[in-house]
Each structure stands twice: as C-alpha cells, then as structure tokens.
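Please walk through this structure with me, one region at a time. Keep the sequence and the 3D view side by side.

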Amino acid sequence: MTEPAVVPLHDELRAIDAARIWHPYTQHQSAEPRLPIARAVGACLYDHLNNRYLDAISSGWVTLHGHAHPTIASAIAEQAHCFEHVSFAAFTHEPAVRLAEQLATILPAGLTRAFFSDNGSTAVEVALKMALQYWTNRGETRRLIVGLDNAYHGESFGAMAASGRGAYTAPFVEHFFKVVRLPDPAMDGGERTVAKLQRLLERRGKNVAAVIVEPLLMGRAGMRVWEGKTVRAIRQLTKEHGVLLIADEALTAFGRTGPLFASGGAEISPDIICLSKGLTGGFLPLGVTVAREEIHAAFLDDGAGKRFLHGHSYMANPLACAAARASLTLLDEESAGRRAGIEEVHRGKIAELTSHPMVKSPRVLGTLAAFDLAVPDGGAAGREEPSAPSLEEFALKHGVLLRPIGDVVYVLPPYCMSPGDLAEVWSLIGMWLEVRG
C-alpha cells in the first residue's frame, strides 16, 4: 500500500491561508498565496525553508529594535507569569502606571495624562472624542475638526473622517462627519497651509475644536516630508486662537524621524499626542493618547456627567505595557547612534540614485528614506495603482521585504539593521531600477 504523500509544512500553510484567511489590502482573486514566516531575529525574517529576508520596512513600521529582542521578550514573559490582563476600568497595575510615568518624562513638555487603547486608529479616535467633549464640558459649542489634505490617521470611522480622501475612504465618505481640510504642507513649503488656517481661525476660530496633523512626515500618503517651520506656524496659530492641536505620532514617535518625537524635532508641544506602532517595539498592539493636564481637568465634576465614556476591553494590557516599558529603556544613546548611522547610509545611498531617470524627489528624514518613481505616462507619485508593482516581488525573490506605496519607494528599517545589510537593500533597489530601465 502506497503511503500518502507528506505535504511540507511550508506548502500546507500557504494552501490553508489561501482557503481560509482574508488579508488586508489584498485582491484575493489575483493575489499569490502569502509566504509563511517561521521565525525572526534582529533585522531578518526566515521562512520554513530557512530562507532569509531583510526586513526593510520594520514589518509595517512597528519593529524598532529588531525582532525577538531578548529584553522585550523577557519583560513580556515575566509579566505573563505574574498576570496577563485585568479590567482597567476597575483596577490599575504597575506596568501601566510605570509606563505612563516613563512617557511623561520623555514626551514634549506638558503632556502628562495618558489614556490607553490598542492601536493607532483608536488612539486617534480617543483624541478626537477627547477634544470634542473637552469643549462641551466647558460649555462651548465647537464641533469643527481641521485636518490636512493627503493625511492618514487610521481606518476606523473617526480616523478616516479626519484623513484625506482616497481609495481607503471612498466607500464610506457619506458616513463621515465634516472636516475642513488644509492644503498638503509638503506641496509648497506649507505657505498655503498656514495661510488657509489663519483665515479659517480668524473667521471661525470659535467653532474649531482641534487641528490634527502628522508632524514632519505623512506616512501612508507616500512618505511626504514637510517642514518644521510649518508645524511651528500651525502650533502658534492654534495657541493664539485657543484651538487644540493633536499630533498623530503613531508612525513618527520613538526616533523614527531622528529625535524621540517629531513634535520635539519641530520644536513644538501639542495639546494631545497619539502613539502606537513602535510603542511596544513591535511586539504587541498598544495605543496611548496623552493629553495636557488642563484637558483632563475639564472632565472633572462632582457628578458623573463630564466623565469620558470611552474604553477598550484590552486597554492598558499588562503584557503590552511591559513590552513598551522595556522598549523605552532601549531608546538610549546606543540607539540614537544606530539611528544616526542609518540616516548616514540613507543619505549616501540615495545620493547615488538621484541621477537615475526614474528617481525624483529623493528625501531622507531620520531612519526614513524615500523617492518617487518618475512615471512614464506622467501619473502622480503615490497613486493607488502602482506603475511598478514588480518591485515588491523582485525584492522578495532577492531576500528583501519592501512594500512601495503606489509610486513611492521607501526604506524604513529597524534600528538594529547593520550598515552592510542596509547597503544590500539599497543595492537591490539600484538593481531593480536598472532592470526597469
């Protein structure tokens, strides 16, 4: 009797995945089965066949210090042997208390009151609700949120409403609350952005609850870099007109743009800041919205009417808080040196590509380097239909994880990536450009 053929685990997982799983951002009618990853360490991912892949995008912009970092893994394990979760509405616990304390010491001045959630979108939802209720609790009718064209704040409804319009939001626009949008500050040095905000606040400042921005770097819009002077001008106008400023730093926090926070790099302190992604070093989902003390004070009352009625089942999860605390301890002088080293390699390697006819608008900001592809038909960079969808496939075949955003190629590695490995990533991008012509 013939023994049944044994299906390798690698192939078995791909087949089950194709039959059972709905992946994000995926057209499953044409998509190839996903590659199963078996393990990861440092800046490298490995499949079940032990093929190595350099993680050049920090696995969705979340991995700071590297995969399976022992300090963070040990912190999670230690906490798991103590307790894994408890209702944060009924109790508190040391991991959350200590994390809030740590954050208050490193955040821009005045941001002291932490409200936990579970991802970047929910951190933004919290900030928007917090800002709107703040004015209600003060007895003022302020219902207007101001955002930026091409912004991206997440995929829950409030976050989408505050974001720019595009493929992510198109099916849902009729359900959004009204948002006034300012011109994209990456387009002209921010002059039109500031001018429109000034006119708006002069006319309708008493109706505006908050302005929300991604300081210095608009990620999902195509790694659009904008100037610190524009951030400062927006902060100055919001202060003058008594309007709250929300900084969405889900991507830009914890050293991604160079300094620990993009707000600090722009020399401003917002009224509310939203944190997620790298908060736990990439180990577990966690979000936190941190506000000024005077905002929290507006929710205090002898009765229950002014309290903030918002919560999440897993808010302030002790395992995630333990991971975040450990990750913050790793943001030391050595980490700062590694980030500076990444930026140096980026600047050198991207300079070598600037003369290529397909490369335009090269830019570097901290650990992020990006450029737009010059599209032969004159299409816009960052459009939803990429002109060169083969880059991701090409890179994967050569052992590198890259995921262009439309016509925008970017590299955003974990801080542990060596100069040699980072040079390998850029060499591969150069090879692909030559193949494409």
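This is a predicted model: local features need pLDDT of at least 70, side-chain atom pairs count only at pLDDT 80 or more; totals for chains, interfaces and linings use all residues.

Residues are numbered from 1 along each chain as its sequence is written, and side-chain values use heavy atoms, with hydrogens and water left out.

Start with confidence. pLDDT is the predictor's confidence in each residue, from 0 to 100. The protein chain averages 94, and 95% of the residues score at least 70. Over residues 378–389 the pLDDT is below 50. Beyond near neighbours in sequence, that stretch has 24 contacts in the model. Contact means heavy atoms within 4.5 Å.

Now turn to strand β12, residues 287–292. Strands (E, at least two residues) and helices (H or I, at least four) are DSSP runs, numbered from the N terminus. Six of the six residues of β12 are buried. Buried means under 20% relative accessible area, exposed means over 50%, and partly exposed lies in between (1.4 Å probe, protein chains only). Strand β4 (residues 111–117) pairs with β12 in the antiparallel sense, over six bridges. Two strands pair if DSSP finds at least two bridges between them. A114 has V290 as its bridge partner in β12. Strand β11 (residues 272–275) also runs antiparallel to β12, joined by four bridges. There, I272 stands opposite A291.

Move on to E293, in helix α10 (residues 293–297). Is E293 buried or partly exposed? It counts as partly exposed because its relative accessibility is 33%. Leaving aside neighbours within four places in sequence, E293 is in contact with G110, T112 and R113.

Next comes an open sheet of three strands. Their order is β13-β14-β16, and the pairing is antiparallel. The edge strands, β13 (359–365) and β16 (408–411), each pair on one side only. From one strand to the next, the twist averages 15°. Strand β14 (residues 368–373) is joined to β16 by four bridges. A369 has V411 as its bridge partner in β16. Helix α12 (residues 333–353) lies across β13, β14 and β16, running at about 170° to β13. Axes here are lines fitted to C-alpha atoms, for helices over the stretch in contact, and angles run from 0 to 180 degrees between N-to-C directions.

Finish with the rings. How many aromatic pairs does the structure hold? It holds ten. Rings of Phe, Tyr and Trp (its six-membered ring) pair if their centres lie within 6.5 Å; planes under 30 degrees apart count as stacked, over 60 as edge-to-face and the rest as tilted. F157 and F176 form an edge-to-face pair, 6.0 Å centre to centre with 70° between the planes. This pair links distant parts of the chain, with F157 in helix α6 (residues 157–162) and F176 in the loop between α6 and β6 (179–182), 19 residues apart. F157 counts as partly exposed because its relative accessibility is 44%. F176, at 12%, counts as buried. F299 and F308 also pair edge-to-face, at 5.6 Å and 70°. Both are buried. Ring pairs link Y25, Y152 and Y168 into a cluster.

Two arginines lie over ring faces. R220 is over Y152, at 4.4 Å from the ring centre. R142 is over W135, at 3.9 Å. A charge sits over a ring if NZ of Lys or CZ of Arg is within 6 Å of the ring centre and within 35 degrees of the ring normal.
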